Amino acid sequence: MAKPIHFFAKTDAYHQLSNFAPFGFEEGGLRWPTVEHYFQAQKFIDLGHRERILKAHSPQQAKTLGQSRAFPIRDDWDQIKDAVMKHALLKKFEDPTLRLLLLETKSRPLIENSPYDRYWGIGRDGKGKNVLGRLLAEVRTEIRNADQANTRESAPATHARKF
Ligand SMILES: Nc1nc(O)c(N)c(N[C@@H]2O[C@H](COP(=O)(O)O)[C@@H](O)[C@H]2O)n1
């Protein structure tokens, strides 16, 4: 099996894969500073709290606001959270430089090496679900497939009939 890539800290190779990395995107007419800002805000119906998260000065502050239960979170959050995360990742990796970076990881397993989180990451014991790493691998496959389809479309048809 290919050597896994562990990412989490700013000093890690491929730290750009982290949701805390400073790569934003446009969505819903708004500029989200990081995936973390977008993801945490989607938990809430309350527009004021969503805006507070959008304007958070750091991804850590966005996470803290998103994990506060001062406002109720959507009833269906557990059912939709993976899809929300994947959507945010697809938006983040529309950036050409980030696309290349992700493709450069080939088929290596991607692992969020978070000691705090056994759902998105692998947790302290290394046995967590690593859902973030799995979703990143799905996004990588989709980008690769899309690029291959584009290449096929733009290549000259070598077996085209002349008559
Ligand atoms: N503390 C911390 N630092 C980082 O650098 C991280 N990438 C994370 N992980 C992210 O925290 C989010 C947790 O989401 P929940 O509110 O618990 O569902 C998620 O985006 C992880 O990737 N944490």
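In the class counts used here, Ala, Val, Leu, Ile, Met, Phe, Trp, Tyr, Cys and Pro are nonpolar, Asp, Glu, Lys and Arg are charged, and the others, Gly among them, are polar. By these classes, the shell around the ligand comprises seven nonpolar, five polar and five charged residues. The structure is a predicted model, and this briefing covers its ligand and the largest pocket, in which the ligand sits.

**Surroundings of the ligand**
- The ligand is surrounded by 17 residues, and the closest of these are Glu36, Lys43, Lys63, Gln67 and Trp120.
- At least two residues of the shell come from each of helix H1 (35–41) and helix H3 (59–67).

**Polar contacts and burial**
- Trp120 places a polar side-chain atom 2.9 Å from an oxygen atom of the ligand.
- For Asn19, the distance from a polar side-chain atom to an oxygen atom of the ligand is 3.0 Å.
- Glu112 likewise has a polar side-chain atom 3.0 Å from an oxygen atom of the ligand.
- The ligand taken alone exposes 520 Å², of which the protein buries 88%.

**The largest pocket**
- The volume of the largest pocket is about 580 Å³.
- Its lining consists of 27 residues, and those nearest the centre of the pocket are Phe8, Phe20, Glu36, Lys63 and Glu112.
- H1, H3 and helix H4 (77–92) are the elements that contribute two or more residues to this lining.
- Sorted by class, the lining of the largest pocket holds twelve nonpolar, seven polar and eight charged residues.

Key:
Residues numbered from 1 in each chain as written. Predicted model: local features only at pLDDT ≥ 70, side-chain atom pairs only at ≥ 80, totals over all residues. Heavy atoms only, no water. Near = heavy atom within 4 Å. Polar contact = N/O pair within 3.5 Å; in protein donor to acceptor, adjacent residues only side chain to side chain. Areas by Shrake-Rupley, 256 points an atom, 1.4 Å probe, with all protein chains shown as cover. 1 Å grid on protein atoms, 1.4 Å probe; cavity = no way out; pocket = protein on both sides within 12 Å on 5 of 7 lines; lining within 4 Å. Sits in = over half its atoms within 2 Å of the grid points. Helix = DSSP H or I, 4+ residues; strand = E, 2+ residues; numbered from the N terminus. Points joined across faces, edges and corners; volume = space filled by probe spheres on them.
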